[in-house]
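Hi,

Here is the structure I promised to pass on. Have a look at it first, and then read on for what turned up.

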Amino acid sequence: MSRLKKAAKKVPVIDPYLPHNGNFGYRVSRYELDLEYKVAINRLAGSATITAVTLAELRTFTLDLSSALAVTKVSVNGRRPAAFSCSSGKLRITLSSKLPAGAAMTIEVRYGGTPRPVRSLWGEVGFEELTEGVLVAGQPNGAASWFPCDDHPSSKASYRIQIATENPYRAIANGELKSRRTRAAMTTWTYELAEPTSTYLATLQIGVYESYRLQKTPVPIHAALPARLKRNFDHDFGRQPQMMKLFVKRFGPYPLSTGYTVVVTDDDLEIPLEAQGISIFGANHCDGSGGSERLIAHELAHQWFGNSVTARRWRDIWLHEGFACYAEWLWSEESGGQTADEWAQHYYQRLVDSPQNLLLSDPGPRDMFDDRVYKRGALTLHALRQAIGDDDFFALLQDWMTRHRHSTAVTDDFTGLAANYADVSLRPLWDAWLYSTDVPAL
Ligand SMILES: [Zn+2]
């Protein structure tokens, strides 16, 4: 009875794809995390200082935070709140007096516990123990597994991530390494990321890693990996400078001031993943066979599509995956492999032979990482490129990057901008590729 009542009550949500994530009433501009992590016992503790501004008169508000972590103390603007409590992945804070709309808030949360991944529709995401170390795979709702946050891609902020961990582990987080201090058995690593970044792209990687800088690249490219994989890495990841060059030429300047880092874990990973300024691969992607070059290009392209220009709602995920997949085809063509057109023909046939029940503009939460989102997304771009020609197509991609740099966008923003680059209406193309489930003629 009570359960039915609850279901019938309409609760407002930020994003129907992730109805429990994201919060109302404020906007975060910065996270400062000061954490200590003990690898041997999987224990995380510390504080998060969150700078925000209220969007409405505010007495009670929430942050996303995994129930695996316990909150010991909260202050807002230096004062203790009237109450705080944690349940169902939310930290709920009630202030002793209301704040007006437009008020600055500094929220400090002291917390700790034994972090574990968040269970989601897409498997386990977030903070995960490796055989020796840690990785954070935040997409789409894993950020709350390691810090209190407004966990939604539309909420972008700058970060300072300070993490103390045991020697000899190396800790890698987003942005520039500002300092590294060793005291007794622990080293504290401090990273600063100025560019506005969605919570799912914040990351922490800990392992017994050696750090390398790739030579002679205008955009600094770094790598962190187990020393045993260095020879494989030099072979498999050796063409990243040329990849970077191609993408800068095609998509515009690399979006971050702090360069690009590739982390290769000592464990195998099912899939590589992207974070702001960082891509994470498994040892299996660095086996010396060169078989992962497609994925290396894909993850690098996310620094433009997904990380800098981010879908405001998860239903627009093709703006990440379709574009990153198309970048794979561009790299293949550039590097002497199959041309983008050959890949398009190949995957077009695959798409025709797959169930035609996926709407690219709104695939539904269960299918948002379905391979058809990637391939149909890339094919949509290829169809667009054929319709408007190479010059306009790549000018459009650069315009897209410039306009929405470090911001968020929706599908209509892209189709609207594309209209400026076409002599004829693109509506039939969008209707066929984005807003119908049937696979149209290529
Ligand atoms: Zn991707």
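Predicted model: local features only at pLDDT ≥ 70, side-chain atom pairs only at ≥ 80, totals over all residues.

Residues are numbered from 1 along each chain as its sequence is written.

The pocket

The largest pocket has a volume of about 870 Å³. For the cut-offs: on a 1 Å grid over the protein atoms alone, a pocket is an open set of points where a 1.4 Å probe fits, with protein on both sides within 12 Å along at least five of seven lines, and lining residues have an atom within 4 Å of a point. Grid points are joined across faces, edges and corners, and the volume is the space filled by probe spheres set on the points. There are 37 lining residues, and those closest to the centre are Gln-139, Glu-270, Ile-271, Pro-272 and Leu-273. Strand E9 (123-130) gives the largest share of the lining, five residues. At least two residues each come from E9, E10, strand E19 (273-275), helix H4 (293-301), helix H5 (318-334) and H7.

The sheet

E9 and E10 also sit in an open sheet of five strands, ordered E8-E9-E10-E15-E12 with antiparallel pairing (two strands pair if DSSP finds at least two bridges between them). The edges are strand E8 (118-120) and strand E12 (170-173); each has a single partner strand, so one side of each lacks a neighbour in the sheet. From one strand to the next the twist averages 20 degrees (axes are lines fitted to C-alpha atoms, and angles run from 0 to 180 degrees between N-to-C directions). Strand E10 (residues 133-137) pairs with strand E15 (residues 204-207) over two bridges, in the antiparallel sense. Leu-135 stands opposite Gln-205 in E15.

The zinc site

His-298 (NE2), His-302 (NE2) and Glu-321 (OE) coordinate the zinc ion at 2.1 Å. Donors here are N, O and S atoms within 2.8 Å of the metal (3.2 Å for Na, K and Ca); water is not among the atoms, so sites may look incomplete. Along the chain the donors follow the spacing H-x3-H-x18-E. Both His-298 and His-302 are buried (under 20% relative accessible area, with exposed over 50% and partly exposed in between, using a 1.4 Å probe and protein chains only).

Salt bridges

The count is 17 salt bridges, each a side-chain nitrogen of Lys or Arg within 4 Å of a carboxyl oxygen of Asp or Glu. In one of them, Asp-316 and Arg-313 have their closest N and O atoms 2.9 Å apart. Asp-316 is buried at 1% relative accessible area, while Arg-313 is partly exposed at 31%.

Lys-375 and Asp-371 also form a salt bridge, with closest N and O atoms 2.9 Å apart. They are four residues apart in helix H7 (residues 371-388), which means a separation of about one helical turn. Lys-375 is buried at 9%, and Asp-371 is partly exposed at 38%.

Definitions and conventions
Heavy atoms only, no water.
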